[in-house]
Amino acid sequence: MKNLKKSIVVTLILSILLSFTVFAETVIPFEGEGTEESPYLIGTAEEMYRFAEIVNGGYSFDGEYLKLTADITLNDISNVENWSTEAPENEWTPIGYDDSVAFRGTFDGDNHTISGVYINSDKSFQALFGWMFG
């Protein structure tokens with residue numbers, strides 16, 4: 001009975017340690033390797049939102065490279081007559097929302113545009129990128 005309890009405790013401890021290891025790794029869902037020669041490629045609104053989520057989740061892309069591959073529209077605003085009464089569908093949370101969660105990589109827009117950015121917040125540093133460090 002004593003060995004069974006000891007085995008259960010050891011199993012629980014190992015399970016907890018393994019879960020911390022799994023959560024510590026960030027999976028980057030973009031094409032490319034994040035290097036200057038092979039940057040991570042972003043070409044859709046969904047990928048931009050995912051990029052922001054990753055940075056705002058604590059992964060800074062420190063020393064890594066990203067590149068836009070297409071013009072991106074976060075919200076189609078062609079039918080919005082008055083943003084003060086009719087908000088677009090998707091609200092944007094800036095990439096890096098404070099100095100503890102900042103983007104630290106290199107982002108190449110490659111002459112593409114990102115349009116339809118809608119932010120409804122009274123916080124400071126509200127833009128496509130909120131906090132960046134090189």
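**View 1. Helix H2 against the sheet.** Helix H2 (residues 45–56) lies across E1, E2 and E4 and runs at about 125° to E1. Contact means heavy atoms within 4.5 Å. Axes are lines fitted to C-alpha atoms, for helices over the stretch in contact; angles run from 0 to 180 degrees between N-to-C directions. The model is predicted: local features need pLDDT of at least 70, side-chain atom pairs count only at pLDDT 80 or more, and totals for chains, interfaces and linings use all residues. Residues are numbered from 1 along each chain as its sequence is written, and side-chain values use heavy atoms, without hydrogens and water.

**View 2. The open sheet.** Three strands in the order E1-E2-E4 form an open sheet with parallel pairing. Helices (H or I, at least four residues) and strands (E, at least two) are DSSP runs, numbered from the N terminus. E1 (40–42) and E4 (106–108) are the edge strands, each pairing on one side only. Neighbouring strands are turned by 25° against each other on average, direction ignored.

**View 3. The E2–E4 pairing.** E2 (residues 65–68) pairs with E4 in the parallel sense over three bridges; pairing requires at least two DSSP bridges. Lys67 stands opposite Asp108 in E4.

View 4. The protein chain averages a pLDDT of 81, and 77% of the residues score at least 70. pLDDT is the predictor's confidence in each residue, from 0 to 100. Over residues 7–12 the pLDDT is below 50, and this stretch has zero contacts in the model beyond near neighbours in sequence.
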